[in-house]
Amino acid sequence: MAGADVNDPDGGRGAAPSSLRAERERLAAQVTARRLAPGDLPARYAEAADRYLGALFERATKGKARGFALLAVGRYGRGELSPGSDLDLVLLHRARGGHDRVAQSIWYAIWDDGTKLDHSVRTRGEALAVARADLKAILGLLDGRLVAGDERLAARVLDDVAGAWRKQAVTFLPNLGSAREQRHHEAGELAFLLEPDLKQSAGGLRDVDALRALAMALPALAPLATSGALCDAERFVLAARVALQVRTGRDGDRLLLQEQDEVADLLGFADADALMAAVAEAGRTVTATSVECWRRARTMLSGERAGDADLALAPGIVLRDGEIALAPDADPAADSTLLVRIAAAAAQRNALVERDTLDRLEAAAPAVPTPWPAELREAFVSLLGTGDALVPVVEALDQRRLFERLIPEWSAVRHRPQRNAYHRYTVDRHLLEAVARASEHVADVDRPDLLLMGALLHDLGKGHEGDHSEVGEELATTIARRMGFEERDVAVLSCLVAYHLVIPEFATRRDLDDPSTARLVAKIVENRRTLALLTALTEADSRATGSSAWSPWKAELVATLSERVGRVLDGLPVGASAPFVPTPEQSELLASGRLALRATGRRVTVVAPDRIGLFSASAGALALHRCNVRRATAVAGTPGMAVEVFDVEPQFDRTPDWPAVERDLAALLDGSLDIRARLAEHDRTYARSRRPVSALRPERRISVDNETSEIASIVEVRAPDRLGLLYEITAALASAGYDVEAALVDTLGHEVIDTFYLRGPDGAKVAGEDEVKRVCDTLERVVRGEQDDEGVVR
């Protein structure tokens, strides 16, 4: 990391700065120039603020400070100011008049300087009354310190507040704990999120603030709440926050993907992955300390005393004061099953593992024998089947690197980020979440143990180079054999890992009405057992990925594919879909020979005179009205007429003005609407809400598959998503004379995978090396945006 500013040997200390904003910008520039370490900025900025405010206070009181005291509260009170921080100030006075004039003189000077301010004006009695009634106010004052003015007045108020905090701990601490839990629910966990909030997430700076307040109320917790490891973790997270705010020039605390590389560079890390691993370690340290302190606090506040006797649960395992612990006579060095049995006992009771027990296991747990004894394997599967209770228990083990003793391959995915916006969690946490979701489906399969193990192992290959499914297959084989599974079960687990993406990819990117789709999947899965396991794993994996990865639309597609594959495996026929039979309304529209658009729920039907470009024009009109197309098919209508069906998801859940969509479609078809100009206008309007594509590293890939389908070529386009991309692709294909029979769209965060069932001008597949290259080159130019002003691909 960078050292002190060589051009500023006194560290910027001395006379009061005339502008705090200018001083803040100077310090930020030093961080950017690598002349000041990000972790050193908060103290330097706070010192500068003290001098600046001292001068303002002196002018405002005209040198007569008695009866007035300016307090810094919150993190500023502790001498820490990040570049985006507010100045949290309280002006105390003795109610002798003149305080409004003093306050306005200070506040307006700060505002005029361009610095954000959180302020209040109080007498001693008012400060205490507000503190007693308002949790946020008293937490800020607990860290209060005098910046300028009457030392005696400040000391009395701060003593009053500290006394009130200790006396009302029974009232305040449950509220503080509830606020902590709500914050964790909303902001997630610092250690496992791909884009964590450095302040609000569990394991972030707010948790450290809460621990400090907890220790002030319950001094017995001070050794834990002020430990060296916790202080080191806090300093690192604070430094990361400073680097983020210097990088963005804003006051945000969420470490987004597109900022991570530059924040890593400012902090001296090789890359974003190294940065996020360090963030995760710091977050885990804070979380572990927080969990332990709050557990002890609840015991102290409830007045409970340690039990007189342990409750035996199993050989070597007892329940002690509500926690799972080693029995006094247990010898973890002599029992290779004890670690897993203790973890399973804790998860089954939704309890913590005692801290001393974790210490003993860390020091003495023996190597696991190979192959695992049946008792150990059964206990491990039992642990995996405990649902959400599994996660904190494994996290406690992993904090001590104990989980790696069971599965050494785990170390490769520990803290490993997934560099896309589709995933919410790091790889290790995603796997545990997938197991928890898979536990909800144990009644749907005949081998729950294989489902749970498959969920745990399915992404383990992401810790290595190469295709993670292929690498994972080899890892799964090795691990399953080490665990003592029979060879036929080893084969099933290897298959689950190797093909865990088959069901979701075929369901969302292939035409389910094409019989060859079900036949090909049946050939891959081979039997009903594997099909059921893969179907359950698909839902578990998707739900563990993020909110956008599983929807009623995707669930319906997966269920449909699974049912049709099951029919193939049972030897039953899976024919083509039934011929299109228009509804009475569609028949009337077809007979009219005119353009019409009708929407029912999220299904949009377009009936129009058949012509080249109808499909792309429909996609363009829908894009103009912020409708994401998920699936589209063209069906035969009557001679000279076409029917196209689109399944859509309106953005922001706003129902479009369907008559306006129809009018825009008509204008597109008659050439009176400049769609590229309209799309560009929309793109500018919503650009601020999108992340830079370069930060998310989406790949561009185009492939042509002439083997899977018997009726058409399958063209898959993988590219960064943008407004109107489906229109641009289909317009380019139409201008080249290709007919799109069906289109399926799968969006992965800021990446889109468009699949097209395509026929050439002669109605046949796209055949021949030259023809395939022509299609790929055409689409490559589209996804790179290489079009002229008329929208024609160059």
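**View A. Helix 17 gives the largest share of the lining of the second largest cavity, with four residues.** The model shown is predicted, and for this reason local features need pLDDT of at least 70 and side-chain atom pairs count only at pLDDT 80 or more, while totals for chains, interfaces and linings use all residues. Residues are numbered from 1 along each chain as its sequence is written, and side-chain values use heavy atoms, with hydrogens and water left out. A cavity is a set of points on a 1 Å grid over the protein atoms alone where a 1.4 Å probe fits but cannot get out, and its lining residues have an atom within 4 Å of a point. Helices (H or I runs in DSSP, at least four residues) are numbered from the N terminus. Helix 17 (390–399) and helix 19 (427–438) each supply at least two residues of this lining. The whole lining consists of Phe-192, Arg-284, Val-391, Val-394, Glu-395, Asp-398, Trp-410, Asp-428, Arg-429 and Leu-432, and the space inside has a volume of about 60 Å³ (the space filled by probe spheres set on the points, which are joined across faces, edges and corners). Sorted by class, the lining holds five nonpolar, no polar and five charged residues (nonpolar: Ala, Val, Leu, Ile, Met, Phe, Trp, Tyr, Cys and Pro; charged: Asp, Glu, Lys and Arg; polar: the others, Gly among them).

**View B. Helix 17 and helix 19 cross at roughly 145°, and their axes come within 10 Å.** Axes are lines fitted to C-alpha atoms over the stretch in contact, and angles run from 0 to 180 degrees between N-to-C directions. In the contact, which means heavy atoms within 4.5 Å, Leu-390, Val-391, Val-394 and Asp-398 of helix 17 meet Asp-428, Arg-429, Leu-432, Glu-433 and Val-435 of helix 19. Five of these contact residues are nonpolar, none is polar and four are charged.

**View C. Helix 19 also packs against helix 25 (residues 528–545), with axes that come within 8 Å and cross at roughly 130°.** That angle makes helix 19 oblique to helix 25, where angles under 35 degrees count as roughly parallel, over 145 as roughly antiparallel, 65 to 115 as roughly perpendicular and the rest as oblique. This crossing of helix 19 and helix 25 is right-handed. His-430, Glu-433, Ala-434, Arg-437 and Ala-438 of helix 19 touch Ala-540, Asp-541, Arg-543, Ala-544 and Thr-545 of helix 25, a contact that has four nonpolar, two polar and four charged residues.

**View D. Helix 5 (residues 124–133) and helix 6 (residues 135–142) pack at an angle of about 120°, with their axes 5 Å apart.** The two helices are therefore oblique to each other, and their crossing is left-handed. Ala-127, Val-130, Ala-131 and Ala-133 come from helix 5, and Leu-135, Ala-137, Ile-138 and Leu-141 come from helix 6; by class, this contact has eight nonpolar, no polar and no charged residues.

**View E. The largest cavity holds about 80 Å³ of space.** Its lining is made of Pro-332, Asp-335, Ser-336, Leu-338, Leu-339, Leu-361, Ala-365, Pro-366, Val-368, Arg-405 and Leu-406, and the elements that give two or more residues to it are helix 14 (338–348) and helix 18 (403–406). Eight of the lining residues are nonpolar, one is polar and two are charged.

Key: 1 Å grid on protein atoms, 1.4 Å probe; cavity = no way out; pocket = protein on both sides within 12 Å on 5 of 7 lines; lining within 4 Å. Left-handed = near helix turned anticlockwise from the far one by under 90°.
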